[in-house]
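Please look over the following structure, and then read the short report on some of its salt bridges and on one pair of its helices.

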Amino acid sequence: MDLARTDIRRAGAVIVEGYMDAISAHQAGFKNVVAQMGTALTETQVDEIRRLTGKMTMALDQDAAGQNATLRSLDVVLQNFLAKTINRPDATGLRPSEDPDPRVILMPAGQDPDEVIRRSPSDWSKLVETAVPAITFRINTITSQNDTSTPDGKAKCVAEAAPFVHLLGGGIQQANALELLAKNLD
């Protein structure tokens with residue numbers, strides 16, 4: 001974080017799973033990359049990033065462990081990052097970011113950030129630019145993991161997604177999330 005702080009303020013934070021991913025990113029000139037170094041982001045880590053930027057992008061491995069880590073981290077991000085930035089002032093007295101934009105990079109199957117960066121830094125840049133909003137990723141995951149063809153399955157999806165949609169605090173982001181959920185549920 002000490003090496004990335006200035007670039008995070010300027011360009012937003014990109015969170016990767018491990019130190020090799022972060023080292024490869026820095027060697028390739030992507031200085032706004034930090035590693036979460038664990039199975040999920042902690043609330044303390046999210047708070048530190050949130051104080052620096054409103055733009056946080058997660059790029060975790062797409063294997064089963066990486067997917068589970070992404071979902072756990074995403075829950076922390078959505079509950080902490082959005083709620084503290086939109087709904088409550090920052091208790092530390094630091095000015096919170098004004099435009100929260102947590103996102104998730106959809107990594108190519110079987111590849112981690114280190115491999116993509118070493119193979120093609122321009123591909124990495126494209127992945128960062130095309131990252132999807134975190135709430136979109138979470139809703140798509142919820143609806144893909146449940147049976148959306150039955151009323152009970154649809155109700156389960158709505159119950160799982162509702163707390164995250166509620167955190168958006170109204171407005172266009174919440175309307176878009178509700179529209180996506182309705183579309184995915186047909």
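## Arg119 and its partner

Arg119 is partly exposed, with a relative accessible area of 48%, where buried means under 20%, exposed over 50% and partly exposed in between, using a 1.4 Å probe and protein chains only. Arg119 forms a salt bridge with Asp123, the closest N and O atoms being 2.8 Å apart, and a salt bridge here is a side-chain nitrogen of Lys or Arg within 4 Å of a carboxyl oxygen of Asp or Glu. Asp123 is also partly exposed, at 26%.

This is a predicted model, in which local features need pLDDT of at least 70 and side-chain atom pairs count only at pLDDT 80 or more, while totals for chains, interfaces and linings use all residues. Residues are numbered from 1 along each chain as its sequence is written, and side-chain values use heavy atoms, with hydrogens and water left out.

## Other salt bridges

The structure holds five salt bridges, including one between the side chains of Asp114 and Arg118, at 2.8 Å from N to O. Both residues lie in helix α5 (residues 113-119), four residues apart, about one turn of the helix; helices are DSSP runs of H or I with at least four residues, numbered from the N terminus. Asp114 counts as buried at 10% relative accessibility, whereas Arg118 is exposed at 58%.

Arg5 and Glu48 also meet in a salt bridge, at 3.2 Å from N to O, and this pair links distant parts of the chain, since Arg5 belongs to helix α1 and Glu48 to helix α3, 43 residues apart.

Technical notes. Helix = DSSP H or I, 4+ residues; strand = E, 2+ residues; numbered from the N terminus.
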